[in-house]
Amino acid sequence: MEGNHFQRQAAYTRKTLFDQGYLDEQFIQLEDLQDDANPNFVEEVVKLFYTDSARLIRNIDLALADNSSHFDFEKLDDIMHQFKGSSSSIGANKIKKECTQFQEYCNAGNLEGCIRTFQQVKQEHATLKRKLESYFQLTRQDR
Amino acid sequence: MTSKNILTLGQKFSVLIVDDDKIIRRIHKVLLNKFGFESHTVENGKEAVDLYLSGKHFDLILMDMEMPVMDGPKATRELRAMGVNNMIVGVTSRGLDSEKQAFTEAGLDYCVEKPLTSETITSLLQELAKK
């Protein structure tokens, strides 16, 4: 009975993540790869993403804090390109969209826009982490 | 031809995944293993070239475009110059046609967007089975 409850909650949480645009089709591709040989594949890849993206966020923060006369937008764009690529890999739809917006500000040489958008990137990054952690906790209790 | 039919031909293809993104390496490795590939991963173009110099060979190389140490176009040019004639498929998240064109001209057989999908793998298997 309890198992069904967690199963229903997990299914509802998952549906919400898609309906609210946090996740896209790529997350389903990851789920399709999960099997007996790789039983925790989705959670494993998401954990990899959050470890790696923490490093990229630090690098972008450092780059944005650069007070030198010639701001390196190309370097900023390169780091964000990596971050966006990783976000796409796990189906992190909202994060990916904010990354695209950030890159547009980079290409326009708009530092203020970059700084403002990066706050959004970090917010979406943290929100998705929280939601996925809750989701994975439910799926673990269902097993 | 479905992937299952291709695999029942009895051939097991080997693939070298060249990408500096550990998430992509992990996803592509599991995806390709599901299709029966024997996969090996390296982090940049130089490691791929060094593997071939050591005598290793693969049926397919999946080559990321942007990597530190040695990028995809440079690694592809070096491998082709060494006489490597197996299939090399460029994998990139950059969307610009001009960038993909330049990468293709380095010696790729195809250039596709990442992450790979089951449909893309099936197409690549069909091409490999023809060779």
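**View 1. Buried residues in helix H2 of chain A.** In this predicted model, helix H2 of chain A spans residues 25-33, and its buried residues are A:Gln26, A:Phe27, A:Gln29, A:Leu30 and A:Leu33. These residues lie on the same side of H2(A), because the arc they cover around the axis is only 155°. An α-helix has 3.6 residues a turn, so residues three or four places apart point the same way. The N-terminal end of H2(A) is capped by A:Asp24. The cap places a side-chain oxygen of A:Asp24 3.0 Å from the backbone nitrogen of A:Gln26, and A:Gln26 is itself one of the buried residues of the helix.

**View 2. Chain A as a whole.** Chain A contains 6 helices and 0 strands, in the order α-α-α-α-α-α from the N terminus on. Along the principal axes, its C-alpha atoms fill a box of roughly 65 × 30 × 20 Å. Chain A has 143 residues, of which 47% count as buried. Counting contacts in chain A between residues at least 6 apart in sequence, 66% join residues at least 24 apart.

**View 3. The interface of chain B and chain A.** Chain B contributes 15 residues to the contact and chain A contributes 19 residues. About 1,500 Å² is buried between the two chains, with 58% of it on carbon and sulfur atoms. Of the area that chain B buries against chain A, 35% is supplied by B:Ile23, B:Arg26 and B:Ile27, more than by any other three residues.

**View 4. Polar pairs and salt bridges between the chains.** Between chain B and chain A, 5 residue pairs are in polar contact. The interface also has 2 salt bridges. B:Lys34 forms a salt bridge with A:Asp35, and their closest N and O atoms are 2.5 Å apart. Helix H2 of chain B (residues 22-34) provides 8 residues, the largest share of the side of chain B that touches chain A.

View 5. B:Asp64 is located in strand E3 of chain B, which covers residues 60-64. An unreviewed UniProt entry annotates B:Asp64 as "modified residue: 4-aspartylphosphate". B:Asp64 counts as buried because its relative accessibility is 3%, against a cut-off of under 20%. Leaving aside residues up to four places away in sequence, B:Asp64 touches B:Val18, B:Asp19, B:Asp20, B:Gly72, B:Val91, B:Phe103 and B:Lys114.

Note on methods:
Residues numbered from 1 in each chain as written. Chains lettered and ligands numbered in written order. Predicted model: local features only at pLDDT ≥ 70, side-chain atom pairs only at ≥ 80, totals over all residues. Heavy atoms only, no water. UniProt positions renumbered as here; feature names shortened; annotations may be inferred. Helix = DSSP H or I, 4+ residues; strand = E, 2+ residues; numbered from the N terminus. Buried < 20%, exposed > 50% of the residue type's maximum accessible area, 1.4 Å probe, protein only. Contact = heavy atoms within 4.5 Å. Arc of directions from axis to C-beta. Polar contact = N/O pair within 3.5 Å; in protein donor to acceptor, adjacent residues only side chain to side chain. Buried area = accessible area lost by both parts, 1.4 Å probe. Salt bridge = Lys/Arg side-chain N within 4 Å of Asp/Glu carboxyl O.
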